[in-house]
Amino acid sequence: MGESVTADHVAVNIESIAIEGKEHLVMTGSGPVSVAIFGNQDKPALITYPDLALNHLSCFEGFFSCSEALSLLLPNFCIYHICPPGHELGAHAIKPDAPQLSVDDLADQIVEILDYFGLGVVMCMGVTAGAYVLTLFAMKYRERVLGLILVSPLCRAPSWTEWFYYKVMSNLLYFYGMCSVLKEMLLKRYFSQEIRDISHVPEFDIVRSTRNLLDEKQSLNVMRFIEALNRRVDISEGLSKLQCRTLLFVGEDSPFYSEALHMTSKLDKRYTALVEVRACGSMVTVEQPHAMLGPIEYFLMGFGFYKQPPMSVSPRSPSSPSCISPELLSPESMGLKLKPIKTRMSLER
């Protein structure tokens with residue numbers, strides 16, 4: 001690993017409280033990876049990984065812009081937003097002769113990043129493709145994962161339909177770049193029909209903002225991520241061996257809804273809860289972030305994390321026995337039924 005390049009990042013202003021982030025370019029054995037860090041690095045780490053063609057701004061800003069989310073997470077965690085190679089803002093095109101990375105390579109990059117920053121056990125949050133990468137990381141490096149928060153996750157190999165869909169996207173990127181047809185395909189992947197239909201309303205400009213951010217992506221970099229996803233393998237049978245607690249979210253209008261149900265059925269039910277969010281697509285973090293707040297708060301209670309954590313909690317050892325009383329490790333203490341929970345969030349027009 002090499003040196004990191006540090007630069008001031010855009011400040012997120014929530015209720016006049018500026019949260020400054022710094023972006024690092026970490027050299028891994030398979031190439032550079034951008035990591036944006038928010039919060040106090042002495043605190044336990046929460047790492048994120050976005051979906052295809054997105055970065056932390058386009059995939060997680062809706063959730064982390066909620067003051068309730070910040071009041072819960074920032075007192076407890078330092079947030080490390082990991083971008084897929086070449087997906088950060090202002091990224092240059094990856095050289096054509098650079099080796100094509102697999103999803104296993106992407107998972108291995110994560111452990112290199114953790115080692116670079118001196119991180120031990122981490123909490124993970126990923127969306128769709130990012131959820132697959134983080135799940136694979138958790139299966140390969142179980143001792144490094146405290147818990148998983150997965151949004152519209154994947155765990156099976158691509159179906160023939162999905163494989164063909166990705167091939168069409170790759171061809172569009174190669175010949176036409178980030179064209180309007182491709183952007184519409186991606187927006188259907190991310191958002192429900194309802195939110196796409198009302199995207200012309202100023203209050204609901206998330207679709208417009210996402211479309212604009214897609215314009216800034218390097219087409220060939222996105223194509224490389226697509227090709228890695230299209231070669232992913234089925235990891236369903238290994239899910240039952242995961243011993244970390246896992247909280248899954250899925251929008252009922254997500255094209256990956258059945259995938260999330262399948263993944264839930266394969267995970268150990270003692271450590272798993274699924275939240276189905278109605279009238280929502282895949283990217284719950286942006287479309288209905290408030291639906292995530294309550295379940296995540298109860299989920300984190302199971303690890304001894306609170307909005308105002310007790311002074312006795314060690315910032316570097318959140319999972320040590322002395323930090324968490326046994327009753328907090330019981331499923332009931334999480335406040336989550338170990339079966340699908342459905343929440344209804346109505347959109348105000």
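The structure is a predicted model in which local features require a pLDDT of at least 70 and side-chain atom pairs a pLDDT of 80 or more, whereas totals for chains, interfaces and linings use all residues. Residues are numbered from 1 along each chain as its sequence is written, and side-chain values use heavy atoms, with hydrogens and water left out. The pLDDT, the predictor's confidence in each residue on a scale from 0 to 100, averages 84 over the protein chain, and 81% of the residues score at least 70. For residues 1–19 the pLDDT is below 50, and this stretch has 43 contacts (heavy atoms within 4.5 Å) beyond near neighbours in sequence. Residues 309–341 likewise have a pLDDT below 50, with 63 such contacts in the model. Where pLDDT is low, the predicted coordinates should not be read in detail.

Helices (DSSP runs of H or I, at least four residues) and strands (E, at least two) are numbered from the N terminus. The crossing of α5 and α6 is left-handed, that is, the near helix is turned anticlockwise from the far one by less than a right angle. On the α5 side, Tyr 165, Tyr 166, Val 168, Met 169, Leu 172 and Leu 173 meet Val 181, Leu 182, Met 185, Leu 186 and Arg 189 of α6. The residues of this contact comprise ten nonpolar, no polar and one charged; Ala, Val, Leu, Ile, Met, Phe, Trp, Tyr, Cys and Pro count as nonpolar, Asp, Glu, Lys and Arg as charged, and the others, Gly among them, as polar.

Buried residues (under 20% relative accessible area, 1.4 Å probe, protein chains only) of α6 include Leu 182, Met 185, Leu 186, Arg 189 and Tyr 190. The buried residues of α6 pack against α4 (129–140), α5, α7 (193–197), α8 (206–215), α9 (219–230) and α11 (284–287).

The Asp 51 side chain reaches the backbone nitrogen of Ala 129 at 3.1 Å. Beyond four places in sequence, residues touched by Asp 51 include Arg 189, Tyr 190 and Phe 225.

Conventions: Buried < 20%, exposed > 50% of the residue type's maximum accessible area, 1.4 Å probe, protein only. Polar contact = N/O pair within 3.5 Å; in protein donor to acceptor, adjacent residues only side chain to side chain.
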